[in-house]
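The stops below go one at a time, each with something to select.

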Amino acid sequence: MENTRTGITLRVDGEQRSLRVDNRTTLLDALREQLGVTSPKKGCDHGQCGSCTVLLDGRRATTCLTFAVAQDGADIVTAAGLSEGDELHPMQEAFLERDGFQCGYCTPGQVCSAVGMLDEAKAGHPSHVTADLTAEPELTDDEIRERMSGNLCRCAAYPNILAAIRAAAAP
Ligand code: FES
Ligand code: FES
């Protein structure tokens with residue numbers, strides 16, 4: 001019979017995990033269903049809501065849009081893995097302090113995306129609304145909104161999410 005399963009290893013929130021996956025399994029399903037890592041949420045399952053976002057080898061990525069088998073050896077940090085023991089990541093603190101969520105379903109994806117987005121801006125990556133592509137991007141409200149536009153919140157906590165990201169981005 002044709003072999004449709006592959007053994008892979010993933011480092012998830014600092015822990016090395018080995019598993020066998022059907023080659024058609026998305027990274028999101030492998031994390032949630034096989035490894036019991038439930039921080040990334042399944043909202044739309046086709047790349048439109050951002051609730052499944054993690055940091056994949058340091059860059060934000062929607063886990064419903066990639067196959068697990070393609071990420072063999074990857075380093076994955078979920079929102080749960082951003083904290084150090086009981087100490088929350090500054091972005092998590094900012095979301096709490098600014099009431100950046102209501103039902104909280106989208107929040108793990110928002111937090112991972114916000115952390116990844118700040119790194120991208122710091123590295124000089126322009127966005128769709130960056131006016132001067134030669135200058136270092138300035139994190140205006142419009143820039144933050146554009147860079148976070150892949151993360152939807154059905155409760156519309158957007159003003160507080162923006163405030164939280166602004167607070168976390170402040171030096
Ligand atoms: S569940 Fe992945 S983008 Fe919606
Ligand atoms: S806080 Fe409910 S979907 Fe965002």
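On this tour, contact means heavy atoms within 4.5 Å. Helices and strands are DSSP runs, numbered from the N terminus. Bear in mind that the model is predicted.

**Stop 1: helix α2**

Select residues 90–97, which make up α2. Color M91, Q92, A94 and F95: these are the buried residues of the helix. Now look down the axis of α2. Its buried residues fall within an arc of 160 degrees, so they line one face of the helix. In general, an α-helix has 3.6 residues a turn, so residues three or four places apart point the same way.

What do the buried residues of α2 pack against? Show α3 and α5; those are the two partners. Then turn to the face of α2 that points away from its buried side. There you will find P90 and E97, both exposed. Step just past the end of α2 to D99. This residue takes a positive phi of about 55 degrees.

**Stop 2: the largest pocket**

Next, select L118, D119, K122, A168 and A169. Of the 13 residues that line the largest pocket, these are the closest to its centre. The pocket has a volume of about 290 Å³. Which elements give two or more residues to its lining? They are α2, α3 (107–122) and α5 (158–169). The largest share, five residues, comes from α3. Color the lining by residue class: nine are nonpolar, one is polar and three are charged.

**Stop 3: the second largest pocket**

Clear the view and select Q110, I144, R145, M148, S149, N151, L152, Y158, P159, I161, L162 and I165. Together they line the second largest pocket, whose volume is about 180 Å³. Two or more of its lining residues come from each of α4 (141–147) and α5. Which of the elements gives the most? It is α5, with five residues. By class, the lining holds eight nonpolar residues, three polar and one charged.

**Stop 4**

Finish with strands β3 (residues 53–56) and β4 (residues 59–62). The two run antiparallel and are joined by four bridges. Select L55 and look across to β4: R60 stands opposite.

Definitions and conventions
Residues numbered from 1 in each chain as written. Chains lettered and ligands numbered in written order. Predicted model: local features only at pLDDT ≥ 70, side-chain atom pairs only at ≥ 80, totals over all residues. Heavy atoms only, no water. Pairing = 2+ DSSP bridges. 1 Å grid on protein atoms, 1.4 Å probe; cavity = no way out; pocket = protein on both sides within 12 Å on 5 of 7 lines; lining within 4 Å. Points joined across faces, edges and corners; volume = space filled by probe spheres on them. Nonpolar A, V, L, I, M, F, W, Y, C, P; charged D, E, K, R; others polar. Buried < 20%, exposed > 50% of the residue type's maximum accessible area, 1.4 Å probe, protein only. Arc of directions from axis to C-beta.
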